[in-house]
Amino acid sequence: MVGILVQLPLPKHINEEKVLTEISLAKDVDGFHPLNIGKLAMKGRDPLFLPCTPKACLELLSRSGVSIKGKRAVVVGRSNIVGLPASLLLLKADATVTIVHSQTSQSDTESIIREADIVIAAAGQAKMIKGSWIKPGAAVIDVGTNSVDDPTRKSGYRLVGDVDFEEASKVAGWITPVPGGVGPMTVTMLLKNTLEGAKRNIEQNN
Ligand SMILES: NC(=O)C1=CN([C@@H]2O[C@H](COP(=O)(O)OP(=O)(O)OC[C@H]3O[C@@H](n4cnc5c(N)ncnc54)[C@H](OP(=O)(O)O)[C@@H]3O)[C@@H](O)[C@H]2O)C=CC1
Ligand SMILES: Nc1nc(=O)c2c([nH]1)NC[C@@H]1CN(c3ccc(C(=O)N[C@@H](CCC(=O)O)C(=O)O)cc3)C=[N+]21
């Protein structure tokens with residue numbers, strides 16, 4: 001076995017920190033071991049693996065030719081899975097990073113997003129970010145995957161992002177859709193991490 005991913009969130013009676021700390025560093029393909037996250041947070045240290053969703057966000061930016069250095073970036077959300085590691089990655093890439101969260105005032109959230117060249121939305125709130133908040137030409141990465149009722153669908157629901165795509169796509173320079181945006185790239189980054197981890201293990205054992 002070359003990689004281990006513990007699907008989060010865990011049920012309440014299981015201690016997430018204990019479980020994640022038990023994962024071998026060399027198999028931590030999600031990059032959630034405290035040592036990997038700690039290295040991500042520190043200057044001049046390189047974690048063995050980067051968390052898949054934040055890595056997917058940066059991959060989408062770089063493949064679209066969006067430069068990060070010196071840009072104003074806002075991350076909406078500060079979870080261990082997405083918001084916090086995404087902001088650390090942007091910081092490592094030399095962006096000027098602001099993080100907004102559930103305790104940020106609505107007016108601050110809106111005004112900070114309005115000034116951002118790069119928006120990473122990971123709040124889990126359907127369509128909370130309006131088109132009028134987006135700076136013209138900004139790069140908008142929508143991580144939110146929220147199911148909303150839709151009686152016209154056989155399933156009875158559909159997936160929407162944290163950004164109002166219809167409005168925001170008229171103003172943004174780049175924007176990812178939901179579904180079909182960050183989600184599939186996250187899966188790709190998981191496979192990439194797993195392959196790279198396997199190669200590294202083979203090299204070290206020879
Ligand atoms: N496509 C993909 O690969 C992935 C998609 N997701 C999706 O991304 C979204 C976020 O996931 P996850 O980070 O795990 O969710 P969490 O619920 O763990 O975190 C949500 C974060 O958003 C903040 N928040 C909540 N409401 C607001 C608001 N109104 N304004 C600003 N910030 C707010 C919370 O603040 P506070 O800290 O104060 O509570 C929290 O930090 C979900 O829709 C999830 O389904 C998640 C992982 C991968
Ligand atoms: N340890 C851990 N690591 C994670 O990376 C992790 C996790 N736990 N827990 C849950 C969240 C959620 N997440 C998604 C990944 C892909 C899609 C994805 O591919 N979505 C498709 C749609 C899928 C559908 O239609 O249902 C899309 O956006 O196009 C969504 C969500 C990873 N997470």
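Tutor: Happy to! Helices (H or I, at least four residues) and strands (E, at least two) are DSSP runs, numbered from the N terminus. This is a predicted model, in which local features need pLDDT of at least 70, side-chain atom pairs count only at pLDDT 80 or more, and totals for chains, interfaces and linings use all residues. Residues count from 1 along each chain as written, chains are lettered from A and ligands numbered from 1 in written order, and side-chain values use heavy atoms, without hydrogens or water.

Student: Which peptide bond involving Pro 9 is cis?

Tutor: Pro 9 is in the segment before α1 (16-22). With omega near 0°, the cis bond runs from Leu 8 to Pro 9.

Student: What is the phi of Asp 94?

Tutor: Start in the loop between α4 (83-92) and β2 (96-100), where Asp 94 has its place. Asp 94 is a residue other than glycine with a positive phi, near 75°.

Student: Which helix gives the most to the lining of the largest pocket?

Tutor: On a 1 Å grid over the protein atoms alone, a pocket is an open set of points with protein on both sides within 12 Å along at least five of seven lines, where a 1.4 Å probe fits, and lining residues have an atom within 4 Å of a point. Here α3 (52-63), α5 (106-114) and α7 (182-205) each supply at least two lining residues. With 6 residues, the top contributor is α7.

Student: Which residues lie nearest the centre of the largest pocket?

Tutor: The lining divides into 23 nonpolar, 17 polar and 3 charged residues (nonpolar: Ala, Val, Leu, Ile, Met, Phe, Trp, Tyr, Cys and Pro; charged: Asp, Glu, Lys and Arg; polar: the others, Gly among them). Of the 43 residues lining the largest pocket, those nearest its centre are Ser 79, Ile 81, Val 82, Ala 122 and Val 143.

Student: How far is the polar side-chain atom of Ser 79 from an oxygen atom of ligand 1?

Tutor: Ligand 1 has 19 residues around it (a heavy atom within 4 Å), and the nearest are Arg 78, Ser 79, Ser 102, Thr 145 and Thr 186. This shell has 6 nonpolar, 12 polar and 1 charged residues. Polar contacts to a ligand are pairs of N or O atoms within 3.5 Å. For the Ser 79 side chain and that oxygen atom of ligand 1, the distance is 2.5 Å.

Student: Now for ligand 2: which residue has a backbone N or O atom 2.6 Å from an oxygen atom of ligand 2?

Tutor: The residues surrounding ligand 2 include Leu 8, Asp 30, Phe 32 and Pro 179, and its shell has 6 nonpolar, 4 polar and 1 charged residues. A nitrogen atom of ligand 2 lies 2.7 Å from a backbone N or O atom of Val 6. The side chain of Gln 7 has an N or O atom 3.5 Å from a nitrogen atom of ligand 2. The backbone atom 2.6 Å from an oxygen atom of ligand 2 belongs to Gly 180.

Key
A polar contact is a pair of N or O atoms within 3.5 Å; within protein, one must be able to donate a hydrogen and the other to accept it, and residues adjacent in sequence count only if both atoms are side-chain atoms.
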